[in-house]
Amino acid sequence: MTIFKADKKFERFEDVTPEILKKENVKLLLCDLDNTLRLHSEKEPAEELRKWIKACKKAGVKIAIVSNNGRKKMMLEFCEPIDVPCVWWAWKPRSTKLTEAMKEHGVKPAETVMLGDKWTTDVLAAHFAGVRAWKVEHRKYIV
Ligand SMILES: [Mg+2]
């Protein structure tokens with residue numbers, strides 16, 4: 001594993017299925033928000049996102065959003081309807097918030113994945129925290 005390289009690549013978040021998460025022993029999925037779970041301009045969770053979150057939770061996977069976005073009110077309003085905890089101003093590639101989330105959820109780095117669209121923030125933060133980095137394509141290119 002080089003620190004700059006994603007451990008797995010997907011086109012978009014929906015491709016990370018509950019089956020894959022189970023097979024890969026993922027108990028906690030830390031997700032970037034902007035251009036990973038939503039387009040930067042989306043104010044409300046899209047239907048496909050709501051469905052995906054539900055399916056992952058049903059499979060026993062915990063989900064938490066770890067974003068560098070500093071707009072706390074927007075983040076809380078976006079995450080509340082999908083019932084997912086979120087961290088804003090995460091300062092990725094610093095790994096502090098990822099490590100805190102793992103402690104909070106009582107999971108080990110080996111059971112955790114960080115899903116994001118940027119190697120400069122998400123992939124590096126994942127590897128600094130000792131967790132797997134899974135990368136999706138920028139959502140803005142897929143509408
Ligand atoms: Mg992003």
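This is a predicted model: local features need pLDDT of at least 70, side-chain atom pairs count only at pLDDT 80 or more; totals for chains, interfaces and linings use all residues.

Me: Which residues of α2 are buried, and how do you know on which side of α2 they lie?

Reply: The buried residues of α2 include Leu-49, Trp-52, Ile-53 and Cys-56. They cover an arc of only 100° around the axis, so they sit on the same side of α2. Among the elements that cover the buried residues of α2 are α1 (18-23), β2 (28-31) and β3 (62-66).

Me: How do you know what α2 should span?

Reply: The expected span is 1.5 Å times one less than the number of residues. Helix α2 has 12 residues (47-58), and therefore should span 16 Å; its end C-alpha atoms are 17 Å apart, which agrees. After α2 comes Gly-60, with a positive phi near 90°.

Me: What makes the sheet open, and which are its edge strands?

Reply: Its six strands follow the order β1-β6-β5-β2-β3-β4, with parallel pairing. The edge strands are β1 (8-10) and β4 (86-87), each of which pairs on one side only. Strands count as paired if there are at least two bridges between them; β3 and β4 run parallel and are joined by two bridges, so by that cut-off they pair. In that pairing, Val-66 stands opposite Val-87 of β4.

Me: Why is β5 called largely enclosed?

Reply: Buried takes 20 or more other C-beta atoms within 10 Å. Five of the five residues of β5 are buried, so the rest of the structure largely encloses this strand. Thr-112, Met-114 and Gly-116 point one way, while Val-113 and Leu-115 point the other way. β5 pairs in the parallel sense with β2 over four bridges, and with β6 over four bridges too. Val-113 is the bridge partner of Leu-29, and Leu-115 stands opposite Trp-134 in β6.

Me: Which residues touch the most other members of the largest nonpolar core?

Reply: Among its 40 residues, they are Leu-29, Leu-30, Ile-65, Leu-98, Met-114 and Leu-115. Leaving aside neighbours within four places in sequence, the contacts of Leu-98 include Leu-30, Val-66 and Met-114. In soluble globular proteins, nonpolar side chains tend to be buried together.

How values were computed
Residues are numbered from 1 along each chain as its sequence is written. A residue is buried if 20 or more other C-beta atoms lie within 10 Å of its own, exposed if 12 or fewer, and partly exposed in between; C-beta atoms are placed from the backbone. The arc is that of the directions from the helix axis to the C-beta atoms. Two residues are in contact if their C-beta atoms, placed from the backbone, lie within 7 Å. A nonpolar core is a set of buried Ala, Val, Leu, Ile, Met, Phe, Trp, Tyr and Cys residues joined through C-beta atoms within 7 Å.
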